[in-house]
Amino acid sequence: MSVIGLLIGISEGSDTAFTALSPTLILNSATTGAGIGFIVGVYDLRGKRRDSALLLLHNVTQELLEADSKKKACQISVDAAHSIIQLPLAGIWLEKNGRLEPVAVSNIADNVFGELPTLEQGDSLAWEIFEAQQPKTFNDLSNNPHTHNSETEIKSEYIVPIGKHGVMISGSFSDRQFSSLERELAKLLAVHTELVLDRIERTVNLERREKELEKQNNKLDRFASLVSHDLRNPINVIDGYLDIARETNAEEDFDEIQAAVDRMDTLVTDLLALSQSGDSIQDTGPVSLKAVAENASNNVQFEGITVEIDQDLVMVIGDDSRLKQLFENLFKNTVEHAETADTIRVDFLENGFAVEDNGEGIPGNEQDSIFEYGYTNSKNGTGLGLAIVREVVDGHGWDISVTNSSGSGARFEVQIPEDDLISSPPRRPGF
């Protein structure tokens, strides 16, 4: 009985390769005295496999530590899941803006499924594991109501959370019981991946703060130059005409003073807007470009100019108040500088949007300079409007370029990274 009890105890914690053996064969082997040797052999083999896998994972850890991006680190991890743990269908999804997005997948999974889905909150088993922060095996996915795609070819999954970052999903085409060794190694790999992703995130944040500090220092220098130069001129005008007005009491002298005061007010307003536009943009969320453009157009006086806004403008991740400021300044640029323009269009682009007019356009030799602080070709312009536009675009991590439209007017194109474009991806076969 002691031998049978030993067999039962070992088989409960054993690998699936061992527990799948016929109970009759095990008992017969034990009865004849060969069972003990067989069990030791199985455990010796399993122990060697575990030791070998741990050694290989140790080497992978060094490779992970050298990764300079989250995507690269995740790819190293899924490759290790395939080659070391022998989980050929493996992928990593990372959380971003309330969604789990696929960032790395094993070669076999990539060849089988191609493009993998982005998982919205609450619509998948991956989200359950991510929120619970507990690994879990799922069998017979076709009958699980929380499966993202009920028609998937995958029959079973083992999902492991990677801390606050996301999840690692391993799948199988069969109703498979993932072995205890496979689960142990996958969890260990997920822990290593989490630590590396933490390190990369800290490094990125530190670099971002350093760039922000450098940017703020440069801005202070530019502000000092603008204030000392541009504000001094109207102050000198006021000072000069005050003396004359005291003597003449002439209305035109007071008009000059009033014009200088108005000029100072405009400069101060634009300087304040510029300082706010350059702040780090952190309060972001889903924004309708169409709605923001329409709201901005209500705050600008278009004298004889019609504004046409494309109905296909997409939703983006951004700061709606800053984007409203961007559109207002692009509209004002046309009003103040394009004397012949009678139409402004806001057009949809696959990777962003464009704002163009049918005015006289911007000379080619000026297109590289118009976003600079204080640059203007208008007597009444402050040279800050388009600088504000650039600050808002830079703050979002986007890009802006200027050219002339097909109708010879000015055309500003804003390119938005795919990560900031909101779309609803179709459900695809896969994890």
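**View 1. Asparagine 249 in the loop between α9 and α10.** In this predicted model, asparagine 249 sits in the loop that runs from α9 (232-248) to α10. Its phi is near 55 degrees. That is a positive value, in a residue other than glycine. Asparagine 249 has a relative accessibility of 60%, so it counts as exposed.

**View 2. A patch of negative charge on the surface.** Four residues gather here: Glu251, Glu252, Asp255 and Glu256. Their patch is negative and lies on the surface. Glutamate 252 belongs to helix α10, which spans residues 251-277. The relative accessible area of glutamate 252 is 52%. The cut-off for exposed is over 50%, so glutamate 252 is classed as exposed.

**View 3. Asparagine 97 between two strands.** The loop between β1 (89-96) and β2 (99-105) holds asparagine 97. Phi is positive for asparagine 97, near 55 degrees, and the residue is not glycine. Its relative accessibility is 41%.

**View 4. A nonpolar patch on the surface.** Ile108, Val112 and Phe173 make up this patch. Together they have about 230 Å² of accessible area. Phenylalanine 173 is placed in the loop between β6 (166-172) and α8 (180-230). At 40% relative accessibility, phenylalanine 173 is partly exposed.

**View 5. Glutamine 311 and its backbone contact.** Glutamine 311 lies in a loop, with β8 (306-309) on one side and β9 (315-318) on the other. Its side chain reaches the backbone oxygen of isoleucine 309 at 3.2 Å. The cut-off for a polar contact is 3.5 Å, so this pair falls within it. Leucine 289 is 22 residues away along the chain. The C-alpha atoms of leucine 289 and glutamine 311 are separated by 9.6 Å. Glutamine 311 has 55% relative accessibility and counts as exposed.

**View 6. Alanine 73 in helix α5.** Helix α5 covers residues 70-83 and includes alanine 73. The relative accessibility of alanine 73 is 0%. Buried means under 20%, so alanine 73 is buried. Glutamate 63 is ten residues from alanine 73 in sequence. In space, the two are 8.4 Å apart, C-alpha to C-alpha.

Technical notes:
Residues numbered from 1 in each chain as written. Predicted model: local features only at pLDDT ≥ 70, side-chain atom pairs only at ≥ 80, totals over all residues. Heavy atoms only, no water. Patch = residues over 30% accessible without salt bridge, like charges linked within 9 Å, V, L, I, M, F, W, Y side chains within 5 Å. Areas by Shrake-Rupley, 256 points an atom, 1.4 Å probe, with all protein chains shown as cover. Salt bridge = Lys/Arg side-chain N within 4 Å of Asp/Glu carboxyl O. Lys, Arg positive; Asp, Glu negative; His and termini not counted. Charge placed at Lys NZ, Arg CZ, Asp CG, Glu CD. Helix = DSSP H or I, 4+ residues; strand = E, 2+ residues; numbered from the N terminus. Buried < 20%, exposed > 50% of the residue type's maximum accessible area, 1.4 Å probe, protein only. Polar contact = N/O pair within 3.5 Å; in protein donor to acceptor, adjacent residues only side chain to side chain.
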